[in-house]
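Open the model in your viewer and get ready to click around. We'll go stop by stop, and at each one you'll hear what to select and what is there.

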Amino acid sequence: MKKLFTLFLCSLWIVLLFTKPWIVFADETTPQYVYDEEQLLTEEEMIKLENLCKTKGEEAKVSILLLTKPLSSYEAEKTYMEEVFDTLYDAGTILADTAMLLINMEIRDVYIQGYGQCEFYLNNDRIEYILDDIIPYLS
């Protein structure tokens, strides 16, 4: 599971290095896993990441979300992710066990947060380990 999640994150960063801005609107009848407010991804990349989040999430019985949004501080990132989780969970769109990754180009930060059982799996040490693996791909 750990290797799979690390591989997912590394793959995600490799894709993000070669992207161009593009807006994509998800079909309202299917759950959305990628929220690209920074417009970093092409339509094709959005579809691939949506499918990857869906299939890997189903295998692990968790929801995996990718968010991009310009925010001005770490506290704003944390608050935003909590609001997104609360909104989507209350709407029945995602599971209680959710892993979220936020890419914030405003302050050049990546933030990972877990909810439910993912909160215990994605502890600070694991998050640092994952970030150590993916940061070189961001350079």
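Here is the tour, starting with the whole chain and then moving to its parts.

**Before you click**

This is a predicted model, in which local features need pLDDT of at least 70 and side-chain atom pairs count only at pLDDT 80 or more, while totals for chains, interfaces and linings use all residues. Residues are numbered from 1 along each chain as its sequence is written, and side-chain values use heavy atoms, with hydrogens and water left out.

**Stop 1: the whole chain**

Show the cartoon and you'll find five helices and four strands. These are DSSP runs (H or I, at least four residues, for helices; E, at least two, for strands), numbered from the N terminus. Follow the chain along its sequence and the pattern reads α-β-α-β-α-β-β-α-α.

Of the 139 residues in the chain, 41% are buried. Buried means under 20% relative accessible area, exposed means over 50%, and partly exposed is in between (1.4 Å probe, protein chains only).

**Stop 2: the core**

Select Leu-67, Met-81 and Met-100. These are the residues with the most contacts inside the largest nonpolar core, which has 35 residues. A nonpolar core is a set of buried Ala, Val, Leu, Ile, Met, Phe, Trp, Tyr and Cys residues joined through side-chain atoms within 4.5 Å. Among the elements that each supply at least two residues of this core are helix H2 (43-60), helix H3 (74-90), strand E3 (98-104) and helix H5 (124-138).

Which residues does Met-100 touch, leaving aside its neighbours within four places in sequence? Its contacts (heavy atoms within 4.5 Å) include Leu-65, Leu-67, Met-81, Val-84, Phe-85 and Tyr-115.

**Stop 3**

Select 43-60, the range of helix H2. The expected span of a helix is 1.5 Å times one less than its number of residues. For the 18 residues of H2 that gives 26 Å, which agrees with its end C-alpha atoms being 26 Å apart.

Next, colour Glu-45, Met-46, Leu-49, Glu-50, Cys-53 and Gly-57, which are buried in H2. They cover an arc of only 135° around the axis, so they sit on the same side of H2. The arc is that of the directions from the helix axis to the C-beta atoms.

Step along to Lys-61, in the loop between H2 and E2. Phi of Lys-61 is near 60°, a positive value in a residue other than glycine. Lys-61 is exposed, with a relative accessible area of 65%.

**Stop 4: helix H3**

Select 74-90 for helix H3. Is the side with Glu-77, Tyr-80, Met-81, Val-84, Phe-85 and Leu-88 buried or exposed? Those residues are the buried ones of H3. Seen down the axis of H3, they fall within an arc of 130°, so they line one face of the helix. What covers them includes E1, E2, E3 and E4. On the other side of H3, look for Thr-87 and Asp-90, which are exposed. H3 is followed by Gly-92, whose phi is positive, near 80°.

**Stop 5: the rings**

How many aromatic pairs does the structure hold? There are two. Rings of Phe, Tyr and Trp (its six-membered ring) pair if their centres lie within 6.5 Å; planes under 30 degrees apart count as stacked, over 60 as edge-to-face and the rest as tilted.

Phe-85 counts as buried at 9% relative accessibility, and Tyr-89 counts as partly exposed at 40%.

Ring pairs link Phe-85, Tyr-89 and Tyr-115 into a cluster.

Find Leu-101 in strand E3; Leu-101 is buried, with a relative accessible area of 4%. Then select Gln-113, which is twelve residues from Leu-101 in sequence and 6.6 Å away in space, C-alpha to C-alpha. Finish at Arg-108, in the loop between E3 and E4, where phi is near 55°, a positive value in a residue other than glycine.
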